[in-house]
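Dear colleague,

I am passing this structure on to you, and below it you will find some notes on what turned up when I went through it. Please read them with the model open beside you.

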Amino acid sequence: MSVATDVRGLVASVVDPEIPVLTIADLGILRSVELDDDRVTVTITPTYSGCPAMRQIEDDVAAALRRAGIDEFEVRVSHHPAWTTDWITEEGIRKLAEFGIAPPSRIDEVVCPRCASDRPRLVSAFGSTACKALMVCSRCGEPFDHFKRF
Amino acid sequence: MSEQIVTGAPQGTPESGVAPEVAALLAHADDNMVLAQRLGEWISNAPELELDIALGNIALDHLGVARALYTLAGEIEGEGRDEDDLAMGRTERQFANLLLVEQPNGDFGHTIVRQLLFDVYQRLLWDGLAASPQRSLAGIAERARKEAEYHFRFSSGWLVRLGDGTEEAHGRAQDAIDSLWRFTAELFEGPEPVDRREWERTVFAVFDEAGVSAPEDPYQRTGGRRGFHTEHLGYLLAEMQWMQRAYPGMEW
């Protein structure tokens with residue numbers, strides 16, 4: 001395994017602080033990890049404008065690199081092209097559903113992550129974080145988060 | 001003395017010394033910063049928990065847009081000013097936000113009307129800027145456009161509920177429109193062109209559904225884009241900036 005692969009794997013395994021079952025690679029916000037003369041440049045793309053986790057993610061990437069003994073690095077934020085929920089990987093979608101968060105889809109296609117009923121009701125388009133809507137299942141009665149399609 | 005106050009724009013005001021491209025970014029950043037601060041005042045005060053969370057989330061979206069635009073403006077300007085310098089270190093006369101967004105929250109109906117008028121404006125604004133040759137700006141706009149859609153669904157849905165609701169709710173919604181309408185001409189003063197007829201078409205469609213109407217009074221107040229604000233902005237900035245003013249550069 002090359003050094004570049006190691007570093008990429010290291011950065012890719014940093015988790016989202018608000019949805020810790022997802023890594024930043026699962027979320028699709030890790031754009032690139034470049035190695036140039038022992039200097040590492042990590043580029044990430046912000047998700048929602050209102051996501052307070054972005055700064056934390058930058059810090060967590062920096063901390064992961066430092067723990068691996070890498071001090072020469074830069075974490076860049078790229079706004080273009082804009083992130084969309086289509087960038088979440090299949091692995092990410094699967095983990096979301098397992099975690100009890102309905103993955104991104106049209107609001108009328110959301111399925112309850114607990115009992116798979118296809119008739120949940122939207123309680124509020126603005127849920128516990130910027131990326132989630134609050135829904136409640138009309139069959140099992142459980143409230144759950146829906147990762148908004150974006 | 002008085003001549004200087006009338007004619008002499010202080011250094012660094014929206015009219016002086018800043019490149020137009022940077023000034024335009026600052027104007028949009030200021031809109032979002034000031035509205036985020038206003039919406040944040042609702043935290044723990046909204047009529048219901050879900051509304052508290054919704055208004056807080058919308059505030060965070062506007063704050064995020066403001067941060068991205070301030071950072072970009074600082075990079076393009078190239079004089080080392082970062083997002084904090086631009087948000088916390090400029091005076092009232094240097095802020096170029098719309099008068100609409102600095103207006104006090106009033107009651108919930110007032111906040112909803114202010115939000116609706118601004119959401120419809122921002123949907124059109126971001127549509128245009130998403131095609132900007134400035135790629136970072138285009139990316140920020142593309143993302144903000146989707147968020148504005150969520151905000152619009154919230155504000156338009158609530159205006160319909162209020163306008164079409166009890167006599168009390170209807171009256172308050174109409175009062176809010178009567179009071180805020182005079183700040184709408186300014187939406188079309190730039191820095192980017194926003195189609196007024198398109199804006200009116202959407203706003204009036206929501207008004208129709210809500211059973212409310214725009215006032216006939218043609219009086220309009222402008223000036224925010226040139227740094228001439230209503231008395232409310234100074235108080236807002238005083239609260240927002242005091243810590244950086246008292247302890248410059250402090251972090252926690």
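**A helix pair in chain B**

Helix 2 (residues 20-40) of chain B packs with helix 3 of chain B at an angle of about 155 degrees, their axes being 8 Å apart; the axes are lines fitted to C-alpha atoms, for helices over the stretch in contact, and the angles run from 0 to 180 degrees between N-to-C directions. Helix 2 and helix 3 of chain B are therefore roughly antiparallel to each other, a label used for angles over 145 degrees. By class, their contact has 19 nonpolar, 4 polar and 2 charged residues, where Ala, Val, Leu, Ile, Met, Phe, Trp, Tyr, Cys and Pro count as nonpolar, Asp, Glu, Lys and Arg as charged, and the others, Gly among them, as polar.

Before going further, please note that this is a predicted model, in which local features need pLDDT of at least 70 and side-chain atom pairs count only at pLDDT 80 or more, while totals for chains, interfaces and linings use all residues. Residues are numbered from 1 along each chain as its sequence is written, and chains are lettered from A and ligands numbered from 1 in the order in which they are written.

**Chain B as a whole**

The secondary structure of chain B comes to 10 helices and 0 strands, where helices (H or I, at least four residues) and strands (E, at least two) are DSSP runs numbered from the N terminus. Along its principal axes, the C-alpha trace of chain B spans about 55 × 45 × 40 Å. Of the 252 residues in chain B, 44% are buried, that is, they have 20 or more other C-beta atoms within 10 Å of their own, with C-beta atoms placed from the backbone.

Gly249(B), in the segment after helix 10 (232-246) of chain B, is by contrast exposed (12 or fewer such atoms), with 9 other C-beta atoms within 10 Å. Gly249(B) and Asp85(B) are 164 residues apart in sequence, yet 8.7 Å apart in space, C-alpha to C-alpha.

**Where chain B meets chain A**

The contact between the chains takes 23 residues from chain B and 15 residues from chain A, two residues being in contact if their C-beta atoms, placed from the backbone, lie within 7 Å. On the side of chain B that touches chain A, helix 3 (49-77) and helix 7 (135-163) each supply at least two residues, and helix 7 of chain B gives the most, with 13 residues. By class, that side of chain B has 11 nonpolar, 4 polar and 8 charged residues.

With best wishes

How values were computed
Parallel < 35°, antiparallel > 145°, perpendicular 65-115°, else oblique.
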